[in-house]
Amino acid sequence: MKFEEEVVTGVHRPEFTTLFRAAIVERGVTMTWLRERLADGGNPIAAATLSYWRSGARRPEGPRSIAAVEEIESLLALERGALMSLIGPTHRVGPIGRVQYPLAHDRLEQLTAETFTGLGAAVLDPARDVSTTAVTEVGADGFVISRTTRTLLQSTSGTITDVPYIDMTPGAPTPAPLFSMLGGGRISRRYSHPSGEVHGAMMELERPLGPAQTAMIEWKLEYPPGYPGTSETGHGVARRCRDLMLWTKFHPDALPTWLEEVQETPDDTTVTPLCLDGATAIHQVRQGWGPGMLILRWGYDARE
């Protein structure tokens, strides 16, 4: 859906309120309908708040509102980013909790810190994952082929131009996987820890991210032929995130005989058996969760 732009202070650019109102009218929906659809999608927004947005009395601020605006674009058949690009800078970060390493092991914390230093990054950077979806593809040999991650990133303080990401293989030295950016920036630096257990990449954002501002980034890890077989996947957050989803897709000729979920936090580790129940994929979801690591492991032997 596209709309004619109006002239605003001499610049051909629609305001958030103008486009929001126009989209509601063109779609032929009510505010009640919109509020109910948002609630169904896990983004409840008060009717009064939506009315404020439509009238221009207030603008969306904070991670929850930003997530709702992204869904509104879909519900009103708008192009992705049509409303988001008109919100402008915000000065709220919302609750972020205490920043911690998501690991329970001192040695891994040390390797991670040294890898961040090797990348030229702060040991605990001022960015947080607001919402992340990681999709892992498992090949016919039962090992990971690739993992694609899409994250709504937010600055908690200061201005961010680069974001570090690391991949770990605890206790199993490996060559570096292939890092690549699919959207939102470019890979500017790479670093592998001498132990071979932690590999990192620095992602340079398309534009600087000011305090409380958000940006979408998407990147991919690929494990080339000859790479040591990896039969686990996961994602970690150093701060509380709004939601995290892991979706692992297995080759139909390599469905594991067992799976287990590992949830590791700075305080403890829990292991939970899972099953495919006849499916070829499995997903794990956490909301209002972190810091921690959420992991999926699998195998093809008898599980004791």
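Reader: Leaving aside neighbours within four places in sequence, which residues is Arg-58 in contact with?
Author: The model is a predicted one. Arg-58 sits in the loop that links helix 3 (47–55) to helix 4 (62–75). Once the neighbours within four places in sequence are set aside, the contacts of Arg-58 are Tyr-52 and Trp-53.

Reader: What separates the C-alpha atoms of Arg-58 and Thr-17?
Author: Arg-58 belongs to the loop between helix 3 and helix 4. Along the chain, Thr-17 and Arg-58 are 41 residues apart. Their C-alpha atoms are separated by 9.3 Å.

Reader: Why do the buried residues of helix 2 line one face of the helix?
Author: The buried residues in helix 2 (residues 31–40) include Met-31, Leu-34 and Leu-38. Viewed down the helix axis, the buried residues of helix 2 fall within one arc, so they line one face. In general, an α-helix has 3.6 residues a turn, so residues three or four places apart point the same way. The arc for helix 2 is 60°.

Reader: Which residue with a positive phi follows helix 2?
Author: Helix 2 covers residues 31–40. The residue in question has a phi near 85°. That residue is Gly-42.

Reader: Is the crossing of helix 2 and helix 3 left-handed or right-handed?
Author: The axes of helix 2 and helix 3 come within 10 Å and cross at roughly 120°. That angle makes helix 2 oblique to helix 3. Helix 2 contributes Met-31, Arg-35 and Leu-38 to the contact, and helix 3 contributes Ala-47, Leu-50, Ser-51 and Arg-54. The crossing is right-handed.

Reader: What is the strand order in the open sheet of six strands?
Author: The pairing in this sheet is mixed. Its edge strands, each pairing on one side only, are strand 6 (178–183) and strand 14 (281–289). Neighbouring strands are turned by 15° against each other on average, direction ignored. The order is 6-9-4-3-11-14.

Reader: Which residue in strand 11 is the bridge partner of Glu-137?
Author: Strand 3 (residues 127–138) and strand 11 (residues 241–250) run parallel and are joined by eight bridges. For Glu-137, the bridge partner in strand 11 is Lys-249.

Reader: How many bridges pair strand 4 with strand 9, and which residue is the partner of Leu-153?
Author: Strand 4 (residues 144–155) and strand 9 (residues 214–222) pair in the antiparallel sense over nine bridges. In strand 9, the bridge partner of Leu-153 is Ala-215.

Reader: How many residues of strand 12 are buried?
Author: Trp-258, Glu-260, Val-262 and Glu-264 point one way from strand 12, while Leu-259, Glu-261 and Gln-263 point the other way. In a regular strand, side chains alternate between the two faces of the sheet. The residues on both sides of strand 12 are all buried. For strand 12 (residues 258–264) the count is seven of seven.

Reader: Which residue in strand 15 is the bridge partner of Trp-258?
Author: Seven bridges join strand 12 to strand 15 (residues 292–299), and the two run antiparallel. The partner of Trp-258 in strand 15 is Gly-299.

Reader: How many residues lie between strand 12 and strand 13 in their hairpin?
Author: Strand 13 (residues 269–274) pairs with strand 12 over six bridges in the antiparallel sense. One of the paired positions is Gln-263, whose bridge partner in strand 13 is Thr-270. The number of residues between the two strands of the hairpin is four.

Reader: Which residue in strand 8 is the bridge partner of Gly-185?
Author: Strand 7 pairs with strand 8 (residues 198–209) in the antiparallel sense over seven bridges. The partner of Gly-185 in strand 8 is Leu-205.

Reader: What percentage of the residues of the protein chain count as buried?
Author: The protein chain holds five helices and 15 strands. Its length is 304 residues. The buried share is 47%.

Technical notes. Residues numbered from 1 in each chain as written. Predicted model: local features only at pLDDT ≥ 70, side-chain atom pairs only at ≥ 80, totals over all residues. Heavy atoms only, no water. Contact = heavy atoms within 4.5 Å. Buried < 20%, exposed > 50% of the residue type's maximum accessible area, 1.4 Å probe, protein only. Arc of directions from axis to C-beta. Pairing = 2+ DSSP bridges. Axes fitted to C-alpha atoms, helices over the stretch in contact; angles between N-to-C directions. Parallel < 35°, antiparallel > 145°, perpendicular 65-115°, else oblique. Left-handed = near helix turned anticlockwise from the far one by under 90°.
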